Every structure is written in structure tokens, then in C-alpha cells.
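Please read the briefing below alongside the sequence and the 3D view. It begins with one pairing and then widens to the whole protein.

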Amino acid sequence: FAFQGPSLKQFMDIFSLPEMTLLSSVIDYFITHGIEFDQVHLYKDISDAIRDVHVKGVMYKWIEKDMEQYILHGDEIYAVLNRLVNHKKKLFLITNSPFSFVDKGMKHMVGKNWRDLFDMVIVQADKPNFFTDRRKPFRKLDDKGSLQWDKINQLEKGKIYKEGNLFDFLRLTGWRGSKVLYFGDHLYSDLADLMLRHGWRTGAIVPELETEIRIINTEQYMHSLTWQQALTGLLERMQMYQDAESKQVLLEWMKERQEIRSLTKNLFNPQFGSIFRTFHNPTYFSRRLVRFSDIYMASISWLLNYDVNFTFYPRRTPLQHEAPLWMDQLCTGCMKTPFLEEMVHIR
């Protein structure tokens, strides 16, 4: 992830993965074979190629030929949607994909009657312009996906609509403010405008979260992180001792802490570490995630672990001037690290 700037591209969603992979592969090929290239030209050509594959529908045709390989059956997704419908929740789908692809994909994942679960289905929405541009009106599609010519004065359940814009959507549905919860996998294209300008609740889908949670629940990670924090506390408190023997101990602790920091980072990814942290600091992606989403999860199916009326309360995290208080109240038992009890006398 890189800062958005005049000459830097920010990759922020699942769709970015193949683009990054292709860029890396082509650059590696050019460097390996001694081919000179202009980075701007290379990026533009690859971006244009990916856009053409997407816009012209080639990607959809490839996926439709082999649904089993590319799209999972969604028993849990159906369970989530069905539970929400049974609790009288209104469901809507806004996607940039064409109707034929959405229909085949949803039938594969959810079942042939998937449309019965949704009050509104909007395809080829052209997000993020859908959220900001008032000019495109909604158009209705028939059951075969062909465009109709009538003016849209209401959005009917069971019908399929194309394009449109959020302002007409709000006007025609009356769904406004914090009673709406919208899920998306791109922080800017899906969530930012909805939260900042329209006050919707937002949920971010971050598939990498599943792997990261599995890692932080391992004994190795918990042991490393807790010992690292303990060493940090020792260094902070004991650095005022400047005699030769104390300095040597402090140097050894600093070296050990640095080794543990690298080990902890490498548990996630040897090149980049966690997508949520750079050592102890949140990544840029993590800061944007917290800014633009009320809740985040690896899959919407994780909602099955909670009652429909469950309230997720934000956690209080320490500010820098609060940190000493939090360290003094550290609960050793909850970390499952008995060896810390042996360190109580050090504190």
C-alpha cells in the first residue's frame, strides 16, 4: 500500500492483487533480460490491459466457464442473508458487475432463488461514481437482462436496475443515516463517501484478516509479543542506570528486542509483515480502515457467530500519555503466558 500522490498508485482491494502480480512479473522479466523501460509507460500499458479485460467482459466470460474453480459455494453466505431477511431487514446489492455475471455467480453461491432475498439489485453501478455523480438515472432490466425504456419513479422488489446514483437511491428508498449498514471491500470506492457524506454505517471485508487472526492466536506469537513488551518496559524503566554493567545489560536487551520485533513481523510475511502493523505502528491501510469502517471482518459469514441484535462496542485503546497506566494494569493471565508471573519481581 502506498500513499496516493501525483506519481504513486494506491492498491487497496482484492482486485489490485492480479494487477500488482502482473506488474511485478513484467518488471522482473524486463530486469532479468536487460530490457530498458519507462516505469510510467509500463504502468499505463498494464493498467489499460487490465481495464480492457474487465470492461470488455473477458474476465467474466473466463470465470463463468469454470465457476467451481473461481467462486465458492456460499452456504454460510445464504445463511447470513436468510437470517437477516427473517428478521425483517431490507437487503440491497450494488455491484459494478453486469447482470449475467451476477446472476450466474449468485445462483452458484446462494441458489437459484437468490433474488428473493434482496429488495433492490443494482448492476453496472459504476462505483465509486455511483456515490458522487447525480447525472446517471436508473434503468430497469427485464429477466433476460435487456434494458427497458421507462422512467424509474420507484425501485421495486424483485426487479433488476442498472447504473443510477446514490442520491436517487436515497430519495426513492428513504434509507438514510446510521440505520443502513453497507459492506464493501474497497475503503475508498465502497465506504469512504458513504460514511463521511451520508452517515451510513460501513463494514469492510478484509480476507487477509482470517490468516492474521490465526497467526496472533499461536503460542509463538503470543509469547514473542508479550516478551517484547516486557523487554520494552524494562528498557524504558532501567535506562537511567548508566554504569558500565547496566549499559551492557541494556545493550543486550535492545538487541534481543530488535530480534523479537523482526521475528514477530516475519510471522505474517517475511517481506512486508502484517497488513495492519509496521512493528508497533498501524499501517496506512489500518488507519484508513479504522477511519472509514465501523466494523471489519474477513467474510460476511462471520456474522453467524453473533445474534442479529448484538452490539459491537469500540475498544478503548491507549493514547501515548495513557500507556504507562495500561502497562501497570496488564493482565498476565489473559495472555496465556505463565512465564510472565516469574517476572513480577523485576517490575
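In this predicted model, Phe-92 stands opposite Met-120, a residue of strand 2. The two strands concerned, strand 1 and strand 2 (residues 120-123), run parallel and are joined by three bridges. They belong to an open sheet of four strands, whose order is 1-2-4-3 and whose pairing is mixed.

**Gln-248 and its helix**
- Gln-248 lies in helix 12, which spans residues 244-266.
- Is Gln-248 buried, partly exposed or exposed? With a relative accessible area of 44%, Gln-248 counts as partly exposed, because that class covers the values between the buried limit of under 20% and the exposed limit of over 50%.
- Gln-248 and Gly-233 are 15 residues apart along the chain, and a distance of 17 Å separates their C-alpha atoms.

**The protein as a whole**
- The protein contains 14 helices and nine strands, and its C-alpha atoms fill a box of roughly 85 × 60 × 35 Å when this is taken along the principal axes.
- Of the 347 residues in the protein, 35% are buried.
- The accessible surface of the protein comes to about 22,700 Å², and carbon and sulfur atoms account for 54% of that surface.
- When contacts between residues at least 6 apart in sequence are considered, 64% of them join residues that are at least 24 apart.

**Confidence in the model**
- The average pLDDT of the protein is 86, and 91% of the residues have a score of at least 70.
- Where does pLDDT stay under 50, with 11 contacts beyond four places in sequence? This applies to residues 1-5, for which the model has those 11 contacts.
- Residues 328-340 are another stretch over which pLDDT stays under 50, and here the model has 15 contacts beyond four places in sequence.

Notes
Residues numbered from 1 in each chain as written. Predicted model: local features only at pLDDT ≥ 70, side-chain atom pairs only at ≥ 80, totals over all residues. Heavy atoms only, no water. Buried < 20%, exposed > 50% of the residue type's maximum accessible area, 1.4 Å probe, protein only. Pairing = 2+ DSSP bridges. pLDDT = per-residue confidence, 0-100. Contact = heavy atoms within 4.5 Å. Areas by Shrake-Rupley, 256 points an atom, 1.4 Å probe, with all protein chains shown as cover.
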